[in-house]
Amino acid sequence: MRHLNKGLLSLAALPGAVFAQQATRTPDHEPALQQTRPNVVIIYADDLGFGDLGCYGAKGVKTPNVDKLAQNGLRFTNAHAVASTSTPSRYALLTGQYPWRKQGTDVAAGDAAMIVSPDQYTVADVFKDAGYTTAAFGKWHLGLEAQTGKQDWNKPISPALPDIGFDYSYIMAATADRVPCVFIENSTVANYDPTAPIYVSYIRNFEGEPTGRNNPELLYNLKSSHGHDYSIVNGIGRIGYMKGGGKALWKDENIADSITAHAVDFIEKNREKPFFMYFATNDVHVPRFPHPRFRGTSEMGLRGDAIVQFDWSVGEIVRTLEEQGLLENTIIILTSDNGPVLDDGYQDQAEELVGEHSPTGGLRGGKYSAFEGGTRVPFIVHWPATIQEAGTRDALLSQIDFLDVMASVVGVGKGKALSPDGQPEQEATWFGAEGDGRSYAIGMAQNHTLTLRTPQWKFIEPKGGATIIPWGPKIETGYSTSPQLFRRVNGEYDESVNKANEYKSVCDSISKELERIKR
Ligand code: NG6
Ligand code: CA
């Protein structure tokens, strides 16, 4: 945690038209600071594709709560996660630094060391500097403690989220398919069971413990399709070995309920002062094992039902904000960490039951990929106090700007970029200005192939690699040893025809620009 300036900023120091506009709405007798500063909630879905929500054209699943946010806010159609997998996207969202600038930001194991170092300036620090209360819920996947594999899960864990700006946190260390399968509240395992000490290893199993590989008969909830054959928790095979946990072990069917209940409780307890909430759902990542009440609520089996569960979580957050009288002046940003995948390692029939639905909304590629399906994600901004006119925008947006846009909104940093790679001036586009948005947005595929898109072109750097993901998911990677250039036609990058030769000078200049940014 690093601080720019301690303590509250005076209202006079807050720049930006949005504040001026709201200040006039504040009755004299009310404390101006509290009334004018918006709460901020980012709802960060996992592996939710560009086409997976009703308002983005989903078929076979209904998402009324999300759709309502879009109807009353802004729905972006060319917004991007910074990578096509989780850890690097989350790293970039929280720090405003491209993940390819820092080693060790790839998909993290459950015993990974903390990837965001405590001396980095995070978006949580931005909000602390603005006097906010900050909280994180759900999927973390950015490591904990100083050294990989050295965590003692039976003691307070440090450094952890309290050290990078979060006042309160209730998180899963990595993903639901990675051990340890317990929630961590601030620095310690939630619901800790002293009769069942927790041991975790990503190297070897603990003596006498069953694994998915050796004891497939114990996989009573979900069977693996590829990988996920180490320790078994709740009848589901995981990645990594774990022993113990007892009553602290999560039940997958209760994960959404659990993180949502904690988030609702946080809103209710913090209604008096401005807060920032990072609400990172486990849905719709594997293992997809929604609560029984969501089973059969979509036409697509467990993956569709997990989308319904996600929509329910969103509805609970919105309902709570509304009940507390906070919805009007709360910024809700709803987006996803990367594109979608059907079979990601469990026999949940996502492929068999997808029907007419296109998780990517017709885009090529998907999770892991350099094609548009990898990083193009839903992006909805809801802020009734400021966004007077709802609409759809095709401006180019990147989650890399989250830290700086938020700093600009809460008046920290005086309009200068506080992160290595973010652009605070994107604030205008995020909250309604028409126009192109960014002049470029960079994405990173699973093998670190970088992509750069402009409002007119998309470039995939030559790096090479398998054309289809080799370990299971049936996804085109977009990797090639030759440069690829695609033209944006009728508002969509046409990734069916490589125009690199035809438009060689465009291709060369984008390639040069990417090299410049890299340096
Ligand atoms: C892969 C996992 C996949 C998922 C992914 C990370 C296997 C075979 N596959 O290695 O299931 O966990 O990592 O997904 O283990 S992410 O959305 O968190 O980046
Ligand atoms: Ca993800």
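In the predicted model, Pro159 is placed in the loop between β3 (133-139) and β4 (168-172), where helices (H or I, at least four residues) and strands (E, at least two) are DSSP runs numbered from the N terminus. The peptide bond that joins Ser158 to Pro159 is cis, with omega at about 0 degrees. A cis bond also joins Val179 and Pro180, with omega of about 0 degrees, and Pro180 has its place in the loop between β4 and β5 (183-185). A further backbone feature is found at Asp47, which is not a glycine but has a positive phi of about 60 degrees; Asp47 belongs to the loop between β1 and α3 (64-71). Most residues other than glycine have a negative phi, and most peptide bonds are trans.

Residues are numbered from 1 along each chain as its sequence is written, and chains are lettered from A and ligands numbered from 1 in the order in which they are written. As this is a predicted model, local features need pLDDT of at least 70 and side-chain atom pairs count only at pLDDT 80 or more, whereas totals for chains, interfaces and linings use all residues, and side-chain values use heavy atoms, with hydrogens and water left out.

Ten strands form an open sheet with mixed pairing, in the order β6-β5-β4-β3-β11-β1-β12-β13-β2-β14, two strands being paired if DSSP finds at least two bridges between them. Because β6 (188-189) and β14 (391-398) stand at the edges, each with a single partner strand, one side of each is left without a neighbour in the sheet. Within this sheet, strands β1 (residues 39-45) and β11 (residues 275-280) run parallel and are joined by five bridges, and Val40 has Phe276 in β11 as its bridge partner. Helix α9 (residues 402-410) lies across β1, β11 and β12 (330-336) and runs at about 175 degrees to β12 (axes are lines fitted to C-alpha atoms, for helices over the stretch in contact, and angles run from 0 to 180 degrees between N-to-C directions; contact means heavy atoms within 4.5 Å).

Around ligand 1 there are 19 residues, of which Ser86, Asp177, Arg178, Asp344 and Lys367 come nearest, a residue being near if one of its heavy atoms lies within 4 Å of the molecule. By class, this shell has four nonpolar, eight polar and seven charged residues (Ala, Val, Leu, Ile, Met, Phe, Trp, Tyr, Cys and Pro count as nonpolar, Asp, Glu, Lys and Arg as charged, and the others, Gly among them, as polar). An N or O atom in the side chain of Asp177 is 2.7 Å from an oxygen atom of ligand 1, while for Asp47 the corresponding distance is 3.0 Å. Taken alone, ligand 1 exposes 450 Å², of which the protein buries 87%, with accessible areas from the Shrake-Rupley method with a 1.4 Å probe.

An open sheet of five strands has antiparallel pairing and the order β15-β16-β17-β18-β19. Here β15 (441-444) and β19 (492-493) stand at the edges with a single partner strand each, so one side of each is left without a neighbour in the sheet. Strands β17 (residues 457-460) and β18 (residues 484-489) pair in the antiparallel sense over four bridges, with Ile460 opposite Gln484 in β18. Helix α11 (residues 504-518) packs on this sheet, touching β15, β16 (450-453), β17 and β18, and its direction makes about 65 degrees with that of β17.

Definitions and conventions. Polar contact = N/O pair within 3.5 Å; in protein donor to acceptor, adjacent residues only side chain to side chain.
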